[in-house]
Amino acid sequence: MNNNTETLDLEDELFEHYRFEVPKGQAILRIDKYLMNLIQNATRNKIQNAATDGNIFVNDIPVKSNYKVKPFDVITVMLSHPPFENHILPEDLPLNIVYEDAALLLVNKDPGMVVHPGHGNYTGTLVNALAHHFDNLPMNSSERPGLVHRIDKDTSGLLVVAKTEAAMTHLAKQFEAKTTEREYIALVWGNVVADSGTIEGNLARHLKDRMQMAVFDDPEIGKPAITHYKVLERFGYVTLISCQLETGRTHQIRAHMKHIGHPLFNDERYGGHLILKGTTFTKYKQFIENCFKALPRQALHAKTLGFVHPTTGEMMRFDTEIPADFQDCIDRWRNYCKTHETSEEE
């Protein structure tokens, strides 16, 4: 069981790793203590973290680490990777490297590229490409070479990759301590009324749709997540925003923006692929469909990444242009607003 910090995000799916049926004569016992005796190399802290992430179920219901097991309970432990180690096949895939030195490299990931192998994506990933281009990259705690953090398949933008063990440790600590600078650009549905704001709320897997993350008020469920946003441009029915992350949870921006009523434009998993704002006119529907074709993914780009260099101690900051598909969509909205009334009260 891996203790995933914020830098080692969960996968999009959960896989059953362990299943136990509590025997008839079992005395009542906390589930974290119970599982410690059954799972090899599982510390109590790792089990508690798995429960916090919503990955431990009793009779198909997620439970906290203080749950008391009872006879005939069926316990399942679900983790974010398949229950077997996948051999990483080096592949000669192009990498858009924007910076490289002896300790690290910065990659500007194209949309559509999965970061690391997982269920249904065992080849063609960033990790497969890294394995081809670089020898002996250090492994993170999930046994993935070079990766300090990750972004979703259909999110474009900057990723830092560690080339040495020292760099991996130093960079991971910065992400965990929330001292890195991360700015994302997003197009969201609706008119975001406030020019700036902060969204706070623990994130954990949605209780009904395990492919989504959701915000929970209970401080014992999930992990704290903080997103600061500011409006860059308003198009009436949609808003272009900048998001600064204090934490880097799975789907953080996507889940937080949906939570405040502004799902990302064309984000299918969180409902943004539907026409959520605007008119009922046929021409408007066609305009939106054309925007979806121009940007066939969620409108999210990891634009800026800043951190302290693990060797030199220098503060480094990297910035990327908004990719062509995203920019095309923005331009379409700008042009639409010039000829149509799009003001909308929220």
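Predicted model: local features only at pLDDT ≥ 70, side-chain atom pairs only at ≥ 80, totals over all residues.
Welcome! Residues are numbered from 1 along each chain as its sequence is written, and side-chain values use heavy atoms, with hydrogens and water left out.

**Around T279**

- T279 has 26% relative accessibility, so it counts as partly exposed; buried means under 20% relative accessible area, exposed over 50%, and partly exposed in between (1.4 Å probe, protein chains only).
- Leaving aside neighbours within four places in sequence, T279 is in contact with Y237 and Y284, where contact means heavy atoms within 4.5 Å.
- Y237 and T279 are 42 residues apart in sequence, and their C-alpha atoms are 9.2 Å apart in space.
- The T279 side chain also reaches the backbone nitrogen of F281, at 3.3 Å.

**Helix α6**

- The 13 residues of α6 should span 18 Å at 1.5 Å a residue, and its end C-alpha atoms are 18 Å apart, which agrees; the expected span is 1.5 Å times one less than the number of residues.
- Buried residues of α6 are Y284, F287, I288, C291, F292 and A294.
- Viewed down the helix axis, the buried residues of α6 fall within an arc of 160°, so they line one face; the arc is that of the directions from the helix axis to the C-beta atoms.
- An α-helix has 3.6 residues a turn, so residues three or four places apart point the same way.
- T282, K283 and K293 are exposed, on the face of α6 turned away from its buried side.
- The buried residues of α6 pack against β10 and α7 (324–339).

**Strand β10 and its partners**

- Of the 9 residues of β10, 8 are buried, so this strand is largely enclosed by the rest of the structure.
- β10 runs antiparallel to β16, joined to it by 6 bridges; two strands pair if DSSP finds at least two bridges between them.
- E183 has T304 as its bridge partner in β16.
- β10 also pairs with β15 in the antiparallel sense, over 7 bridges, and W189 has V238 as its bridge partner in β15.

**The nonpolar cores**

- The largest nonpolar core has 31 residues, among which L126, L130, Y184, I241 and I253 touch the most other members; such a core is a set of buried Ala, Val, Leu, Ile, Met, Phe, Trp, Tyr and Cys residues joined through side-chain atoms within 4.5 Å.
- Elements giving two or more residues to this core include β8 (104–109), α3 (126–133), β10 (181–189) and β15 (238–245).
- The largest share of this core, 4 residues, comes from α3.
- Apart from neighbours within four places in sequence, L126 is in contact with L95, V107, M113, V114, V115, L147 and L159.
- A second, separate core of 21 residues includes F235, Y284, A299 and I330.

**Two residues with positive phi**

- Most residues other than glycine have a negative phi.
- F72 is not a glycine, yet it has a positive phi of about 75°; F72 lies in the loop between β5 (68–69) and β6 (74–79).
- N136, also not a glycine, has a positive phi of about 60° and lies in the loop between α3 and β9.
- N136 has 74% relative accessibility, so it counts as exposed.

Technical notes
Polar contact = N/O pair within 3.5 Å; in protein donor to acceptor, adjacent residues only side chain to side chain.
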